[in-house]
Amino acid sequence: MTEINYDLVKETAQNYSEDMNAFLRDLILKHGESCEEGDKSKRIKEEMEKLGFDKAWIDGQGNVLGEMGKGEKQIAFDGHIDTVGIGNIDNWEFDPYEGFEDENLIGGRGGSDQLGGIVSAVYGAKIMKDLGFLNDKYRVLVTGTVQEEDCDGNCWLYMIEEEGIKPEFVVSTEPTDGGIYRGQRGRMEIRVEVKGVSCHGSAPERGDNAIYKMAKILNEIEQLNENPADDSVEIKGLVKMLDEKYNPEYKEANFLGRGTVTTSQIFYTSPSRCAVADSCAISLDRRMTAGETWESCIKEIEDLPSAKKFGAKVTMYDYERPSWTGVSKKQECYFPTWVIPKDHEVTKALERAYKGLYGDKRIAPNVEKEIEKRKDLPLTDKWTFSTNGVAIMGRHNIPVIGFGPGAEDQAHAPNEVTFKQDLVTCAATYAVLPLEYTK
């Protein structure tokens, strides 16, 4: 068994710091939102080839993949390479596409969410090769995946179901504020529709106003989110899933946090502004905790008193959008909750890898806000937002663990930055993890 010289790993990772910084700056310059990631895929493949990956390729959907080593078990490190847009440019203090760099920070759209993750993963594999960590037990797969911001997990559904990629486990390199994350709430996108009958607005009693029907349903949806779970209310709140009485998975639900629902969009049809609306529809953003499924979430809307009264139609949205290569992978807009147990071997292996290098506290970059934020956080925690784990573990039951450079609160925000120290910390930890898992 290869002996791990943790100090040498940290030194090697630090020696690659400038290379990682330059690589990240270059990826930020090659901006690309979902379905526009082609230049970044090609640039990452180029870096993999330069660093001596055994194989590097771009698949049919446009994901870039690189393999290092020839061992039996495949261990994957995933980072999505698409970004969201920049929003109102007036909210930025620097050019989000040009970015900037100082002693501790790299700024630019996508730095934390999550181009830094693919940078650390590529160099983590390089460190494994440099230090002779690759063996006949495992090989490493690094994936730069597309369309995550548009439809999280769609890329991994494609890779698993169309390309036959099925690793032993996957490390998600989404930003974790220096911590190890072992789960997230799921989500789904729900559409609710009701019908009415139009008439002239001067005599509304002749018609049947669909907007008024939806108003009553909206009020009850709000109650789902706001009500307690006791018998004082007719509509029990979603908080009930934290209670053993209602949810056998209540312990993990309390770890991940309660589910929520909110109305995100509203639509209607009407012959004119002088007529009664003859249909109304809404979109719901539903966040799910452990123990909740798409079936249970649909049923709870169907069972609302007003939804029953007005015959509301409740469905899930579908996603089908061509990637930058023109390939579409259709799926329902359902992104399951996932959580890997705290005593799972993957969880324990990543904790051993990190603690062997850095101890039992989160490493903070030399940035006052981050030092203050991270100092009291537990080493192992969970994400607030959603990741590709919804497909990898949520749908296909391949274990996922999270550890990545950057901070969650930088995601989708103006003036997005990531931290040079995190790039080094993550690359070093990635390099050690497969040995810890297979020893």
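The second largest pocket has a computed volume of about 270 Å³. A pocket is here an open set of points on a 1 Å grid over the protein atoms alone, where a 1.4 Å probe fits, with protein on both sides within 12 Å along at least five of seven lines; lining residues have an atom within 4 Å of a point. Volume denotes the space filled by probe spheres set on the points, which are joined across faces, edges and corners. Of the 15 residues lining the second largest pocket, Leu224, Lys240, Lys299, Glu300 and Asp303 are the closest to its centre. The structure is a predicted model, in which local features need pLDDT of at least 70 and side-chain atom pairs count only at pLDDT 80 or more, whereas totals for chains, interfaces and linings use all residues. Residues are numbered from 1 along each chain as its sequence is written, and side-chain values use heavy atoms, with hydrogens and water left out.

Helix H8 (residues 294–302) gives the most to the lining of the second largest pocket, contributing three residues. Helices (H or I, at least four residues) and strands (E, at least two) are DSSP runs numbered from the N terminus. By class, this lining comprises six nonpolar, one polar and eight charged residues. Ala, Val, Leu, Ile, Met, Phe, Trp, Tyr, Cys and Pro count as nonpolar, Asp, Glu, Lys and Arg as charged, and the others, Gly among them, as polar.

The largest pocket holds about 510 Å³ of space. Its lining consists of 26 residues, of which Glu148, Glu149, Asp150, Arg187 and His412 are the closest to the centre. Charged residues number 13 in this lining, alongside seven nonpolar and six polar residues. Strands S10 (186–195) and S14 (318–319) each supply at least two lining residues, and at least three come from each of domain 1 (6–185 + 337–438) and domain 2 (186–319).

These domain bounds come from an automatic or database domain assignment. The C-alpha centres of domain 1 and domain 2 are 36 Å apart. Contact between them (heavy atoms within 4.5 Å) takes 17 residues from domain 1 and 14 residues from domain 2.

An unreviewed UniProt entry lists residues 183–306 as "domain: Peptidase M20 dimerisation". This span is 28% helix and 26% strand, and its end C-alpha atoms lie 35 Å apart.

Helix H5 (residues 154–161) is largely enclosed by the rest of the structure, because seven of its eight residues are buried (under 20% relative accessible area, 1.4 Å probe, protein chains only). The buried residues are Asn154, Cys155, Trp156, Leu157, Tyr158, Met159 and Ile160.

Note on methods. Buried means under 20% relative accessible area, exposed over 50%, partly exposed in between (1.4 Å probe, protein chains only). UniProt positions are given in the numbering used here, feature names are shortened, and annotations may be inferred rather than shown by experiment.
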